[in-house]
Amino acid sequence: MTCRQFTQAPVTKKQILPKGLVEAEARYRFAQGLIHQGKYEKAVQAFREFIAAHPKDVLTPNARYWLGWTYYVLRKYRTAAEIFLKGFRADPKGNKAPDNLLSLGMSLSQMGKKAGACTMFRKLTADFPDVPNFITQRLKGERASANCG
């Protein structure tokens, strides 16, 4: 009699997006709702699922931004920075590009990479001189925190 070697199947997380939701907008709203409820770990999973299921959807840049922001809230600054950078590179002229640069700078600042943060803040100002006032105000405070001068 021979002995068979059994391998255990990899453990996968249960899908977080409800199976009944098939429309991208409903799935996006569900993931956003998790942030509003303070369920950040679940929001991370939901946004990752959304991005994988809807890579070309118009809401994907927003989902990627909120994924990064959720990591930022969880104080996982390196991962947040990587996601914000990827989001900016994927759509450097898109509606979330200024938010991605600001948040990338904020993440770098939290990681102690003040020079990199200041570089992102300067790029934001140079590339997007007409950003909404709330971004301008946040940028002002973040520049001061990073000692950008």
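With a relative accessible area of 21%, Cys148 is partly exposed, a call that rests on buried meaning under 20%. Cys148 sits in the segment after helix 7. Set aside the neighbours within four places in sequence, and Cys148 is in contact with Cys118, Phe121 and Arg143. Take Phe121 from that list: Phe121 and Cys148 are 27 residues apart along the chain, and their C-alpha atoms are separated by 8.6 Å. Keep in mind throughout that this is a predicted model.

**The overall layout**

Now for the chain as a whole. There are 7 helices and 0 strands in the protein chain, and reading along the sequence gives the pattern α-α-α-α-α-α-α. Of the 149 residues, 43% are buried. Among contacts with a separation of 6 or more, 51% are between residues 24 or more positions apart.

**How the helices pack**

Two packed helices are described by the angle between their axes and the distance between the axes.

| Helix pair | Angle between axes | Distance between axes |
|---|---|---|
| Helix 1 (residues 24-36) and helix 3 (residues 60-73) | about 20 degrees | 11 Å |
| Helix 1 and helix 2 (residues 40-53) | roughly 160 degrees | within 8 Å |
| Helix 4 (residues 77-90) and helix 5 (residues 97-110) | about 155 degrees | 8 Å |

Let's start with helix 4 and helix 5, which pack at about 155 degrees. Angles over 145 degrees count as roughly antiparallel, so helix 4 is roughly antiparallel to helix 5. Helix 4 passes helix 5 in a left-handed crossing. On the helix 4 side, the contact is made by Tyr77, Ala80, Ala81, Phe84, Leu85, Gly87 and Phe88, while helix 5 brings in Ala97, Asn100, Leu101, Ser103, Leu104, Ser107 and Gln110. Sorted by class, that contact has 9 nonpolar, 5 polar and no charged residues.

Next up are helix 1 and helix 2, whose axes cross at roughly 160 degrees. Helix 1 and helix 2 are therefore roughly antiparallel to each other. The crossing of helix 1 past helix 2 is left-handed. Helix 1 contributes Ala24, Arg27, Tyr28, Ala31, Gln32, Leu34 and Ile35 to this contact, and helix 2 answers with Tyr40, Lys42, Ala43, Ala46, Phe47, Phe50 and Ala53. Which classes turn up here? The contact of helix 1 with helix 2 has 11 nonpolar, 1 polar and 2 charged residues.

That leaves helix 1 and helix 3, with an angle of about 20 degrees between them. Angles under 35 degrees count as roughly parallel, so helix 1 and helix 3 are roughly parallel to each other. Helix 1 passes helix 3 in a left-handed crossing. From helix 1, Tyr28, Gln32 and Ile35 meet Asn62, Ala63, Trp66 and Thr70 of helix 3. The class count for this contact is 4 nonpolar, 3 polar and no charged residues. Tyr28, Gln32 and Ile35 also belong to the contact of helix 1 with helix 2.

Is Asn62 buried or exposed? At 14% relative accessibility, Asn62 counts as buried, because the cut-off for buried is under 20%. Asn62 lies in helix 3. Leaving out neighbours within four places in sequence, Asn62 is in contact with Tyr28, Asn95 and Lys96.

**Two residues with positive phi**

Arg75 is one to check on the backbone: its phi is near 65 degrees, a positive value in a residue other than glycine. Where does Arg75 lie? Arg75 is in the loop between helix 3 and helix 4. With 66% relative accessibility, Arg75 counts as exposed, since exposed means over 50%.

Asn147 also has a positive phi, of about 55 degrees, although Asn147 is not a glycine. Asn147 is placed in the segment after helix 7 (133-145). Its relative accessible area is 66%, so Asn147 is exposed. Cys148, where this report began, is found in the segment after helix 7 as well, and Cys148 is partly exposed.

Key: Residues numbered from 1 in each chain as written. Predicted model: local features only at pLDDT ≥ 70, side-chain atom pairs only at ≥ 80, totals over all residues. Heavy atoms only, no water. Helix = DSSP H or I, 4+ residues; strand = E, 2+ residues; numbered from the N terminus. Buried < 20%, exposed > 50% of the residue type's maximum accessible area, 1.4 Å probe, protein only. Contact = heavy atoms within 4.5 Å. Axes fitted to C-alpha atoms, helices over the stretch in contact; angles between N-to-C directions. Parallel < 35°, antiparallel > 145°, perpendicular 65-115°, else oblique. Left-handed = near helix turned anticlockwise from the far one by under 90°. Nonpolar A, V, L, I, M, F, W, Y, C, P; charged D, E, K, R; others polar.
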